[in-house]
Amino acid sequence: MKIKKIISIISFLIVTNNYINALPKNHLQKAVAAMELGLFNEALKQIEIAKIKNPTNAQVFRLKALLHEANGDYNKAILEWENCKQNTNDSNLINEADIHLKNLEEY
Amino acid sequence: MNSKLLFPIIFVFLSCWNSPAVNTNYNFNEISQIKLNKIIDFNGHSGSGQIIEDNIALMFMKKGYDVSSRKEGKTYININNKNQKSVTLHCTITEYTDREIIVIPFRIEDRGSIETIITQSAGSNKNKDNTIATTSTTTTNDGGSIHESGKVEYTQARVGIIIKIIDDISGLLVWSHSYWYNGIELTRTSQICAKNSVQLISKLID
């Protein structure tokens, strides 16, 4: 009986540990998890916190711009694409930002 | 080649590479009807052709053109009845995915901490009038650390199309353009992709 109890406690701890490890640890991971669930506003909140530690990360601006676009906040999306362009030297990313800006300026 | 000439040539090439190819001798104002050819599905995405086709038809309707669908399954966009020329619009889907992986590298920053412990004790002397107060302070300073190794992955949608306009009588390719768009949702991304392509075509025929 004691062995059975010990085994069940150990397996419970393993399952709990796996669950805790699977949870997003930082705000960027939380933002992506929320985005994949379709919770765009929650994703934007988490990105705003993540941006404090990554203030010049162009990919963070890019994700934020895509979320604003999905939400229909076109002016905010334009601002984020502009920020994305300012913080990168990657020509592909600049080209992508230009395509989005051209589309958004028509709204 | 002279390096002074090379730079302007590269600049002109890069600034124009994404613009449509147009046959400048063709009079687009004489087009009376655009026939939209059946769009073939992108590899492994059944229904993708129909989605793009419907979006193109929808965008032409939004622009105010008469759109009709006939028995053979083709869609016709009527520009006006005065002109004689008719063209066929061929569209090929080059990309259609909602599984494009994007990596965000991020900085893990431990800003460190300063811990100060103040201990105060009051000791009494034999002489009751004098009391000695002892204060000791211990400060622990942790400098923290910065790692650049973190990354987060997410998937996004990306739709790409190539559009060709061919004159029905001469078979001449008169206009061609490739376009792509990306976003979080596949349906919206394919809609924007179609919208922006139709926008360029309507500028030609208006």
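Predicted model: local features only at pLDDT ≥ 70, side-chain atom pairs only at ≥ 80, totals over all residues.
Hi everyone. A quick definition to start: pLDDT is the predictor's confidence in each residue, from 0 to 100.

Let's take chain B and its confidence. The average pLDDT of chain B is 82, and 78% of the residues score at least 70. Among the elements of chain B, the lowest mean pLDDT, 48, belongs to helix α1, residues 3–16, while β9(B) has the highest, 95. For the complex, the predictor gives an ipTM of 0.78 and a pTM of 0.74.

Now the layout of the chain. There are three helices and nine strands in chain B. Reading from the N terminus, the order of the elements is α-β-β-α-β-β-β-β-β-β-β-α. Of the 206 residues in chain B, 24% are buried. And if you take the contacts in chain B between residues at least 6 apart in sequence, 69% of them join residues at least 24 apart.

How do α2(B) and α3(B) pack? Two packed helices are described by the angle between their axes and the distance between the axes. Here the axes of α2(B), residues 48–62, and α3(B) come within 9 Å and cross at roughly 50°. The crossing of α2(B) past α3(B) is right-handed. On the α2(B) side, the residues making the contact are B:I51, B:I52, B:N55, B:I56, B:M59 and B:F60, and α3(B) answers with B:S190, B:Q191, B:A194, B:K195 and B:V198. By class, this contact has seven nonpolar, three polar and one charged residues.

Which elements of chain B each supply at least two residues of the side that touches chain A? First, the totals: chain B puts in 14 residues and chain A 18 residues. On the chain B side, the elements that each supply at least two are β5 (85–110), β8 (145–167), β9 (173–183) and α3 (186–205). The most comes from β5(B), with four residues. By class, the side of chain B that touches chain A divides into seven nonpolar, four polar and three charged residues.

Conventions:
Residues numbered from 1 in each chain as written. Chains lettered and ligands numbered in written order. Contact = placed C-beta atoms within 7 Å. Nonpolar A, V, L, I, M, F, W, Y, C, P; charged D, E, K, R; others polar. Axes fitted to C-alpha atoms, helices over the stretch in contact; angles between N-to-C directions. Left-handed = near helix turned anticlockwise from the far one by under 90°. Buried ≥ 20, exposed ≤ 12 C-beta atoms within 10 Å, placed from the backbone.
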